[in-house]
Structures are given as structure tokens and as C-alpha cells.
Amino acid sequence: MRFRTLGLALAGLAASAAAALAQDFKPAIVYDLGGKFDKSFNEGVYDGAEKFKAETGVAYRDFEPQNDAQREQALRRFARDGYSPIVAVGFSQASAVEKVAGEFPDLKFAIIDMVVERPNVQSILFKEQEGSFLVGMLAAMASKTGKVGFVGGMDVPLIRAFACGYVQGVKHANPQAEIFQNMTGTTGAAWNDPVKGGELAKSQIDRGADVVYHAAGGTGIGVLRAAADAGKLGIGVDSNQNGLHPGKVLTSMLKRVDTATYKTFMDAKDGKWQSGVVNLGLAEEGVAWALDDNNRSLITPEMKEVVDKAAEEIKAGTIKVHDYRSDNKCPV
């Protein structure tokens with residue numbers, strides 16, 4: 001009986017220790033402008049954090065800034081409260097992360113879409129041009145007019161990289177294709193203006209585009225709606241947006257910020273987290289294109305075969321997709 005009591009006591013101590021460890025591990029997220037339920041970039045990060053929470057039982061804190069000044073304030077508040085790792089979502093947080101990470105060298109930070117060279121920062125980058133190349137091929141093959149469009153959010157090299165990869169893919173599938181491009185703006189407000197996104201998409205459709213790809217965060221919701229309302233096809237980005245307008249979204253370019261966030265939290269919890277630069281492309285399953293019941297009828301077996309072959313050639317280096325950020329130029 002005493003052995004059984006001792007065993008129960010030891011089990012209780014182990015459970016208490018595990019609970020204490022879970023409480024000591026305190027991950028956090030500071031989202032980009034646009035909010036965590038933007039159906040796109042931020043929401044992908046949220047999904048990854050929710051998956052981590054569901055699997056481990058470890059809660060996390062998050063914050064949705066309403067303006068640029070709140071980024072640094074939120075990062076510092078989380079750091080003072082001992083949260084680690086702290087994931088900063090978006091390139092605009094680079095200066096804030098560099099400053100706060102320098103003030104709290106014993107904590108772990110991660111930033112998505114920018115490099116911050118601190119020994120306690122993990123910089124998570126993606127090869128958006130590779131995924132955009134594939135959806136560009138699909139756009140060209142699905143288009144009946146030979147004219148397709150692109151609507152970007154904030155006019156920065158990152159979004160130019162999406163656009164350039166897309167153009168390369170379109171031209172790879174149809175060298176005669178015409179591509180219309182518009183950026184929404186030059187400030188953070190460009191990520192959350194669905195009305196303007198819809199207007200830009202409609203102007204491209206009026207010029208003959210019958211497939212429009214967006215890389216515009218919450219603004220892209222307006223792009224997809226405008227395409228669906230006009231009886232044309234949209235292409236989603238970051239998260240799988242096929243279900244927003246079933247049968248009217250050709251595909252979505254998946255940028256696996258969900259996987260990156262989940263892995264950052266899990267690696268930190270398991271003692272495997274490392275600082276430095278992580279660059280995720282097709283080979284690393286960091287980008288992809290979405291195929292599900294919402295768009296399966298739009299993707300013919302021939303289209304899928306051609307795009308899958310191109311994906312393997314990109315992984316092998318046979319097809320080289322130019323990264324706009326390497327020289328601020330697009331070769332096509």
C-alpha cells in the first residue's frame with residue numbers, strides 16, 4: 001500500500017513539474033497591421049500558434065497593433081513579462097525587434113520576412129517567388145483572354161518578389177500573355193483596404209484580365225470578391241483562401257507561416273531552437289499551391305501535371321526563379 005501511495009505521490013510530483021514547466025514556457029506573438037483574422041498572412045501565424053496550443057496545452061499571448069508605434073511597445077511589454085520566444089510578424093517590425101532583442105539578450109525572438117542580426121533572433125524568410133511562379137503558370141493556363149492581373153499590398157521589395165515570380169510563371173506557360181500590375185499603397189494601410197483592392201482588381205478585369213492574383217493581406221479580400229462578382233477567377237495568398245469564393249478562386253499560393261510559427265514554438269519548447277536565418281522555399285515545404293474541393297474543378301489533370309513538373313524542376317535547380325530582392329529587378 002505504501003509503495004502504491006509513494007507511486008501516486010511521485011506521479012503527482014511529475015505532473016506538477018510538467019505543469020510548472022508549461023507555465024514557465026511563455027510564447028507570444030505580435031501581429032502585423034491588418035489583424036490576426038485577415039484570412040491571409042496574420043491568420044496563418046495564428047493558425048500555427050493554435051495548432052501548437054492544441055497539441056501541447058501551452059497557452060500563448062498575442063497582440064494586434066493598430067499603428068507602427070505599438071509594435072515596439074508590445075514587444076517590450078512581452079519581454080518584460082518574460083515571454084519567449086516572441087514572434088514578430090512582418091518586415092516592418094525589424095527595427096523594433098533589433099532594439100528590444102538587444103535589451104533582452106536572454107530571451108528568444110523570431111521575425112518573419114526580415115533579417116535581424118542578433119544572436120537571440122531567428123529570421124524566417126520565404127522564397128515567395130517560387131510559389132508565385134507556380135500560381136502564375138496556373139493563371140496563364142486557366143486564362144481564356146491571355147490577360148491576367150496582380151494586385152499587391154504595400155509597395156516594397158517583398159511584394160515585388162511575389163509579382164516578379166508570378167510574371168515569370170505566367171510567361172513560362174504563355175510567353176504571349178499580358179500581365180497588369182498594381183500596388184495598393186506605400187504605407188501599412190495598404191494591407192487593410194479591401195475597397196481599394198476591389199477597385200484595382202475591377203480596373204484590371206475591365207482591361208481584359210480574367211485571373212487576378214493578390215499579395216495584399218486583408219486588401220486581397222476585396223480583390224477576390226471583385227473577381228468572383230465579375231465571374232472571373234482570383235488567386236489567394238499566404239493562407240488557403242479557396243473557400244472564400246468556392247469555384248471562383250483558382251488556387252492560393254500558400255506561404256507556410258503557420259508551419260514556421262508552430263515550429264518556432266515547438267523547437268523552443270524542446271530546446272532545439274536556433275538563431276540565424278531560415279529560408280523556406282518549395283524544397284523546404286515553405287511555399288506551395290492549394291488544391292482542395294473548392295477549386296478541384298478548375299484545375300485540369302493536365303494543368304496539375306505541368307505545374308507539378310515545374311515544381312520538381314525548381315527544386316532541382318533546372319528552372320531558376322529570379323528573386324526580385326536580389327537586385328531590385330525583374331527579368332521579364
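Tutor: Happy to! Contact here means heavy atoms within 4.5 Å. With neighbours within four places in sequence left aside, tyrosine 213 is in contact with Ser132, Val135, Gly149, Phe150, Val151, Phe162, Tyr166, Ile235, Gly236, Val237 and Met253. Keep in mind that this is a predicted model. The protein chain has an average pLDDT of 93, and 93% of the residues score at least 70. Residues 1-22 are a stretch to treat with care: pLDDT stays under 50 there, and the model has one contact for them beyond four places in sequence.

Now back to the tyrosine. Tyr213 belongs to the largest nonpolar core, which has 44 residues. The residues with the most contacts inside that core are Leu134, Phe150, Ile159, Phe162, Tyr166, Tyr213 and Leu250. Helix H5 (residues 128-142) contributes eight residues, the most of any element. Besides this core there is a second, separate one of 24 residues, with Phe25, Ile29, Val89 and Val257 among them. As background, nonpolar side chains in soluble globular proteins tend to be buried together.

Strand S8 (211-215) also leads us to helix H8, as S8 is among the elements that cover the buried residues of H8. The others named in that cover are strand S6 (147-154), helix H7 (194-206), strand S9 (233-238) and strand S10 (249-255). Eight of the 10 residues of H8 (residues 220-229) are buried, so this helix is largely enclosed by the rest of the structure. Its buried residues are Gly220, Ile221, Gly222, Val223, Leu224, Ala226, Ala227 and Ala228. Just after H8, glycine 231 adopts a positive phi of about 75 degrees.

A search of the whole structure finds one, and it joins cysteine 164 to cysteine 330 with an S to S distance of 2.1 Å. The pair links distant parts of the chain, 166 residues apart: cysteine 164 sits in helix H6 (residues 157-173), and cysteine 330 in the segment after helix H10 (301-316). The torsion about the S-S bond is about 95 degrees, so the disulfide is right-handed. Cysteine 164 is buried, with a relative accessible area of 2%, whereas cysteine 330 is partly exposed at 30%.

Finally, the parallel sheet. Six strands form an open sheet in the order S2-S1-S3-S4-S5-S11, with parallel pairing. Strand S2 (61-63) and strand S11 (276-280) are the edge strands, each pairing on one side only. From one strand to the next the twist averages 15 degrees. S3 and S4 pair over four bridges, and in S4 the bridge partner of valine 89 is isoleucine 112. Strand S5 (residues 121-126) is joined to S11 by five bridges, with valine 277 in S11 as the bridge partner of serine 123.

In a regular strand the side chains alternate between the two faces of the sheet. S4 is covered on both faces: Phe109 and Ile111 on one side, and Ala110 and Ile112 on the other, are all buried. Helix H4 (residues 94-103) lies across strand S3 (86-89), strand S4 (109-112) and S5, and runs at about 170 degrees to S4.

Terms used: Residues numbered from 1 in each chain as written. Predicted model: local features only at pLDDT ≥ 70, side-chain atom pairs only at ≥ 80, totals over all residues. Heavy atoms only, no water. pLDDT = per-residue confidence, 0-100. Pairing = 2+ DSSP bridges. Helix = DSSP H or I, 4+ residues; strand = E, 2+ residues; numbered from the N terminus. Axes fitted to C-alpha atoms, helices over the stretch in contact; angles between N-to-C directions. Disulfide = S-S within 2.5 Å. Buried < 20%, exposed > 50% of the residue type's maximum accessible area, 1.4 Å probe, protein only. Core = buried A, V, L, I, M, F, W, Y, C linked by side-chain atoms within 4.5 Å.
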